[in-house]
Amino acid sequence: MARPIDRDPTDPSVPLWLSQGRRTAEIADEGARAGLSSNAVAEQIQVVVQLPAHRAREHERAFRFLMAHYPDYVAEKKVDANYVAVSQLHALHRLDSAKAAEVAPGVLSGEIKALALRGVIDSVLASKGTGDQTRGLESKRRVADFVSDATERLMANPALLGIGPVDEVREFRTGPRFAPDLGMRQGRRWIAVEISTASASMPPHQVGRYLARLAQLEQKYDRAILVLPHDRGDIAEMVRRFQEEWIGREAEVVLLERSAQQEEA
């Protein structure tokens, strides 16, 4: 049975994540107009929305996607889908906007769930492929490009992680075996940052490798954060949920937007 959608306590007709996304967007826009730093905006988001800033930003991206492409559903309070389903719809839109528009009414009404939508995405990906070998090479290229791009952007702007001020950033291109992609120091505490990617649809048992990697990093570092592409919200939710079920604490996963150069590649 699907998990019930959490509702905004002030307006139960609206999913809680959607209200959080709207409020986060308002805070971000107000902060930009006021010239606030990204850290100051992140702190304000965390206080007002009562979510870690990177989680609130995920909801914000989904909210902005709906406002850009399906504003009537938001205005008329017809969104009855959870965050993961909308995140999947966003991923489908990037692959095939016509197909996304076709299934959007079912997704936003809650009739088409995230699991079924992953099947649609797989079908679209298969139809765009030109053979297993070509798809495999393309997948490897995209993984390498995302890791390289995300590493450069996070080194230049650690605030993208939403973890507050950072005193030092260290990259591990070469070094100790099992080292993370990045290490970030806050005072005496070190945070391991592992940058990865995932297919549009991943069997739950394969998500376990992410949990194993985070557990390995937490043996040496004070915190461990997994960074995934922004359109892998369903994978991020599985990683968080599985760890919470296992040890009673959510895994820290940040979804990072792809750069404009990657989108054009």
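**Figure 1. Salt bridge between Asp 29 and Arg 64.** Asp 29 forms a salt bridge with Arg 64, and their closest N and O atoms are 2.9 Å apart. In this predicted model, the pair links distant parts of the chain, with Asp 29 in helix α1 (residues 16-34) and Arg 64 in helix α3 (residues 53-69), 35 residues apart. Asp 29 has a relative accessibility of 32% and counts as partly exposed. Arg 64 is also partly exposed, at 34% relative accessible area. Side chains of opposite charge can pair when their charged atoms come close.

**Figure 2. Salt bridge between Asp 234 and Arg 118.** The side chains of Asp 234 and Arg 118 meet at an N to O distance of 3.3 Å.

**Figure 3. Lys 77 and its partner Asp 11.** A salt bridge joins the side chains of Lys 77 and Asp 11, with 2.6 Å from N to O. The two residues are 66 apart and link distant parts of the chain: Lys 77 sits in the loop between α4 (71-75) and α5 (83-95), and Asp 11 in strand β2 (residues 11-15). Lys 77 has a relative accessibility of 46%, so Lys 77 counts as partly exposed, the range for that class lying between 20% and 50%. The backbone of Lys 77 has a positive phi of about 55 degrees, although Lys 77 is not a glycine.

**Figure 4. Network of salt bridges.** Which residues are linked in a network of salt bridges? They are Arg 55, Glu 58, Glu 237, Arg 240 and Glu 250. Across the whole structure, the search finds 23 salt bridges.

**Figure 5. Gln 50 in the loop between α2 and α3.** Gln 50 is found in the loop that runs between α2 (38-49) and α3. Phi of Gln 50 is near 60 degrees, which is a positive value in a residue other than glycine. With a relative accessible area of 67%, Gln 50 is exposed.

**Figure 6. Leu 66 in the largest nonpolar core.** The largest nonpolar core has 49 residues, of which Leu 66, Leu 89 and Val 239 touch the most other members. Helix α5 gives the most to this core, with seven residues. Leu 66 is found in helix α3 and counts as buried, at 0% relative accessibility. Not counting residues up to four places away in sequence, Leu 66 touches Trp 17, Leu 18, Pro 71, Val 74, Val 79, Val 86 and Leu 108. In soluble globular proteins, nonpolar side chains tend to be buried together.

**Figure 7. Surroundings of Leu 89, and a separate core.** Leu 89 is one of the residues that touch the most other members of the largest nonpolar core. Apart from this core lies another, of 15 residues, including Val 147, Leu 161, Met 184 and Ile 195. Leaving aside neighbours within four places in sequence, Leu 89 is in contact with Phe 65, Tyr 70, Ala 100, Val 103, Ala 104, Val 107, Leu 108 and Leu 117. Between Leu 66 and Leu 89 there are 23 residues of separation in sequence and 9.7 Å in space, taken from C-alpha to C-alpha.

**Figure 8. Packing of α5 against α7.** Two packed helices are described by the angle between their axes and the distance between the axes. The axes of α5 and α7 come within 9 Å and cross at roughly 15 degrees. An angle under 35 degrees counts as roughly parallel, so α5 is roughly parallel to α7. The crossing of α5 past α7 is left-handed. On the α5 side the contact is made by Val 84, Ala 85, Gln 88, Leu 89, Ala 91, Leu 92 and Leu 95. On the α7 side the contact is made by Ala 114, Leu 117, Arg 118, Val 120, Ile 121, Val 124, Leu 125 and Lys 128.

**Figure 9. Overview of the protein chain.** The chain contains 11 helices and seven strands. Of its 265 residues, 45% count as buried. Among contacts with a separation of 6 or more, residues 24 or more positions apart account for 64%.

Technical notes. Residues are numbered from 1 along each chain as its sequence is written. This is a predicted model: local features need pLDDT of at least 70, side-chain atom pairs count only at pLDDT 80 or more; totals for chains, interfaces and linings use all residues. Side-chain values use heavy atoms; hydrogens and water are left out. A salt bridge is a side-chain nitrogen of Lys or Arg within 4 Å of a carboxyl oxygen of Asp or Glu. Helices (H or I, at least four residues) and strands (E, at least two) are DSSP runs, numbered from the N terminus. Buried means under 20% relative accessible area, exposed over 50%, partly exposed in between (1.4 Å probe, protein chains only). A nonpolar core is a set of buried Ala, Val, Leu, Ile, Met, Phe, Trp, Tyr and Cys residues joined through side-chain atoms within 4.5 Å. Contact means heavy atoms within 4.5 Å. Axes are lines fitted to C-alpha atoms, for helices over the stretch in contact, and angles run from 0 to 180 degrees between N-to-C directions. Angles under 35 degrees count as roughly parallel, over 145 as roughly antiparallel, 65 to 115 as roughly perpendicular and the rest as oblique. A crossing is left-handed if the near helix is turned anticlockwise from the far one by less than a right angle, and right-handed if clockwise.
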